[in-house]
Amino acid sequence: MSASNRLGLSLSGGGYRAAAFHLGTLKKLQEMNVLEEVDIISTISGGSITGAAYCTRKNTFDEFYNDLYYGLQQKNVIKKLLLSLTFLQLILVVLAFIIPAIILLFTNYAWVSPLLIIALLIIIYKFQFQLFPASSRIEKIYDEFFFHKKTLSQLHPSPTLVIGSTNLQTARPFTFSRTWMQDSTYQFLERPIKFNAAEFPIARAVMASTCVPFAFTPITIDKQFFREPSDANRIHPALVDGGVYDNQGIHKIMQRGQYNCSIIITSDAGGGMGKELSFSNTISLLVQTVNVFMMRIKNSQMVQDVYENAATEGKQIAYLSLGWNAENSIRGFISNLEKKQVPDSVIRAHELKEEWVASPGHYTGEITNWLKERINYSSINFPTAEEKRIARTVGTNLTPLSKEQMDCLIKQASTLTEIQVKLYCPALIYHYV
């Protein structure tokens with residue numbers, strides 16, 4: 001299908017929280033008969049867990065939904081990592097220095113104790129990834145929990161799944177799909193470098209997409225996955241979390257190219273900022289500083305990819321975020337209408353009067369009532385304040401969620417998906433439903 005009428009869905013990062021939130025998005029799109037019309041699914045980090053699980057079980061949605069629904073409540077990636085031989089290896093190395101250092105404190109050689117601690121810190125600093133290759137172990141855990149030795153070639157051909165990671169070598173996205181894995185920097189070299197995608201493990205692609213900097217080992221590409229094996233000596237990709245470059249997954253389906261879409265739904269599991277903070281150490285301060293950078297990137301991308309594209313290219317873009325209140329969606333639509341950020345195609349589809357469009361602020365009540373009737377607002381099941389609070393306080397790690405957390409995340413996503421798609425992607429509603 002050409003980009004002029006292609007539907008793209010992007011699923012943001014955010015660990016298990018994102019995986020659960022996006023499960024609610026997919027469930028609502030399935031109920032609205034829209035999910036089957038999706039051509040491209042662009043995923044990042046936690047969104048890649050849901051996207052890849054869906055695209056390997058696409059023909060049985062209920063089975064996919066139930067497997068992931070219960071899996072996110074039962075499967076503990078971090079616990080399994082900490083109980084692995086990989087982590088035991090690190091503990092043994094640490095103990096090999098710590099125990100003698102403690103014993104020496106009670107001898108005439110106490111002066112050696114701090115030297116052992118310094119030596120340990122140097123070893124961890126220089127050989128952390130060799131001592132604790134967390135990513136390779138998590139890849140195996142992902143495979144056991146979700147993907148069962150499937151490779152990219154076993155992804156369903158429709159929709160096209162595009163799993164996003166960030167290549168530290170080029171500072172560009174590195175993407176994986178059923179027949180294609182590439183970084184545009186490598187693609188446009190004088191002698192392009194190409195990869196064999198078919199046999200690349202899905203679990204490894206998802207690991208690259210979820211490879212949080214500081215915590216996990218960057219993912220490399222083995223020689224066997226280069227079409228020309230000698231090219232493995234020319235470049236050395238180092239892949240980390242796709243959210244470092246684009247945490248919403250929207251970039252690929254917005255820009256011109258093979259994944260470009262004209263109708264876009266973006267499910268963003270970001271929790272937003274504003275909670276009370278405490279800094280007990282340098283690491284907590286560093287993490288929050290990184291969060292600020294990520295938020296600035298997100299806000300910049302929203303302006304460029306969502307609002308400017310809607311205004312200048314006429315794309316129908318439904319953006320929904322965990323931190324938003326669905327009750328404010330119509331008010332937000334009217335505000336965007338006033339800023340000339342609602343495409344003409346959306347205005348025509350909703351049959352808005354000319355005077356409303358010319359001066360939305362003077363007709364807020366009329367527009368609100370009209371849109372509520374158009375989208376059947378009274379039938380939408382809004383989450384309570386407590387349900388929204390529970391959903392927004394879920395962490396982004398890879399440990400199991402409670403049933404209550406799952407249900408609250410799914411309900412918040414479901415409500416936002418329904419109202420935002422009806423408001424901003426009327427082509428889907430009036431054409432398909």
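These are my notebook entries on a predicted protein model.

**Ground rules**

I number residues from 1 along each chain as its sequence is written. In this predicted model I take local features only at pLDDT of at least 70 and side-chain atom pairs only at pLDDT 80 or more, while totals for chains, interfaces and linings use all residues, and side-chain values use heavy atoms, with hydrogens and water left out.

**Confidence**

I looked up pLDDT, the predictor's confidence in each residue, from 0 to 100. The protein averages 90, and 88% of the residues score at least 70. Where is confidence lowest in the protein? Helix 12 (residues 282–312) has the lowest mean, 61, and helix 18 the highest, 98. Where pLDDT is low, the predicted coordinates should not be read in detail.

**Overall make-up**

I found 19 helices and eight strands. Helices (H or I, at least four residues) and strands (E, at least two) are DSSP runs, numbered from the N terminus. Of the 433 residues, 50% are buried. Buried means under 20% relative accessible area, exposed over 50%, and partly exposed in between, with a 1.4 Å probe and protein chains only. Among contacts (heavy atoms within 4.5 Å) with a separation of 6 or more, 74% are between residues 24 or more positions apart.

**Strand 7**

I checked strand 7 (residues 263–268) next. Why is strand 7 largely enclosed by the rest of the structure? Six of its six residues are buried, so the strand is largely enclosed. In a regular strand the side chains alternate between the two faces of the sheet. On one side of strand 7 I list I263, I265 and S267, on the other I264, T266 and D268, and all are buried.

I then looked for its partners; two strands pair if DSSP finds at least two bridges between them. Strand 1 (residues 7–11) runs parallel to strand 7 and is joined to it by five bridges.

**Helix 2**

In helix 2 (residues 46–56) I counted 11 of the 11 residues as buried, so this helix is largely enclosed by the rest of the structure. Among them are G46, I49, Y54 and T56.

**Nonpolar cores**

A nonpolar core is a set of buried Ala, Val, Leu, Ile, Met, Phe, Trp, Tyr and Cys residues joined through side-chain atoms within 4.5 Å. Which residues touch the most other members of the largest core? They are Y142, F176 and I265, in a core of 107 residues. Helix 18 (residues 403–424) gives the largest share of this core, 10 residues. Not counting residues up to four places away in sequence, Y142 touches I49, V77, F147, A203, V206, M207, T210 and L398. Another core of nine residues lies apart, and its members include I253, M254, C261 and I317.

**Aromatic pairs**

Rings of Phe, Tyr and Trp (its six-membered ring) pair if their centres lie within 6.5 Å; planes under 30 degrees apart count as stacked, over 60 as edge-to-face and the rest as tilted. I count 20 aromatic pairs by this rule. F87 and F132 are edge-to-face, 5.6 Å centre to centre with 65° between the planes. This pair links distant parts of the chain, 45 residues apart. F87 is partly exposed at 21% relative accessible area, whereas F132 is buried at 14%.
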